[in-house]
Amino acid sequence: MQRRDFLFGCAAAAAIADPVLHAEHASAAQRPSAERPHEWSRARLLDTDGEPLKASSIEPRKALLFAYPFVGTPAFLIDLDKPTQRSVQLETQDDERYTWEGGVGPKRSIVAFSAICAHKMAYPTREITFINYRDEPSAVTRRAHVIHCCSEHSEYDPAAGARVLAGPATQPLAAIVLEHDAHDDSLHAVGTRGGELFDSFFERFAMKLSLEHGGAEHRPVGASTTVVPIERYCRQLMRCN
Ligand code: FES
């Protein structure tokens, strides 16, 4: 398999925060809204053979990785195997409200989120990943079907826009906006919703990312991006059991 030109390192506390609950304590008039997605390149998702990825070919309840919107910014693609929640109201750490519309595909079960932890930006690299989708109960909260970060145990609900379930993260993972074409079963990434951390990510890991990507980490992925199983990308998957 030819691995995609993206590479992701792991960095690793604060109080438990739930942005949905937090939103209830601020008046609506005080909170700005970010109701429109941030449009990035419209990138067709490809499989490891370079063919358009079919939604029906995605193995359910397994984490896949792809680069979006930049070569150096990893994202999860997951078929949760059951319909997600719809029109979930969320809020960033900057108190911006936004709506996550839900999963796509025939079962409305396919979701994508930035794989950069909203706490201290742990992310998958070729060597190791501390953040991953957990189909089995996590070691700390015992919840299943979550995205869990072993660094300080932030946990996110991928069926509800990656809202924070536990741990020190102060906002959901940024959502990747997907489009599914029912005619050919293809998938495109077209933008992001929520609290992007890309600028901070590039700043914090500048040297590491430059080494990993040969200086191409800021390059937009363009018209396509390759999806790989996380276990074929990362040598070690931290379980924090
Ligand atoms: S980096 Fe701290 S919980 Fe993920």
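The following legends describe close-up views of a predicted model.

**View 1. Surroundings of F76 in the largest nonpolar core.** The largest nonpolar core contains 66 residues, of which L64, F76 and F113 touch the most other members. Beyond its neighbours within four places in sequence, F76 contacts A63, L64, L65, A112, F113, A115, Y133 and I147. In soluble globular proteins, nonpolar side chains tend to be buried together.

**View 2. K107 in the loop between β5 and β6.** The loop that holds K107 runs between β5 (97–100) and β6 (110–114). K107 counts as partly exposed because it has 16 C-beta neighbours inside 10 Å, whereas a buried residue would need 20 or more. Apart from neighbours within four places in sequence, the contacts of K107 are K82 and P83. The C-alpha atoms of K107 and P83 are 5.6 Å apart, although 24 residues separate the two in sequence.

**View 3. Strand β9 and its two faces.** Strand β9 comprises residues 146–149 and is covered on both faces. V146 and H148 lie on one side, I147 and C149 on the other, and all four are buried.

**View 4. Pairing of β9 with β8 and β10.** Strand β8 (residues 131–134) pairs with β9 in the antiparallel sense over four bridges, and N132 stands opposite H148 of β9. Strand β10 (residues 154–157) also pairs with β9 in the antiparallel sense, over three bridges; here I147 stands opposite Y156 of β10.

**View 5. The hairpin of β9 and β10.** Four residues lie between the two strands of this hairpin, in which H153 adopts a positive phi near 70°.

Definitions and conventions: Residues numbered from 1 in each chain as written. Predicted model: local features only at pLDDT ≥ 70, side-chain atom pairs only at ≥ 80, totals over all residues. Core = buried A, V, L, I, M, F, W, Y, C linked by C-beta atoms within 7 Å. Buried ≥ 20, exposed ≤ 12 C-beta atoms within 10 Å, placed from the backbone. Contact = placed C-beta atoms within 7 Å. Pairing = 2+ DSSP bridges.
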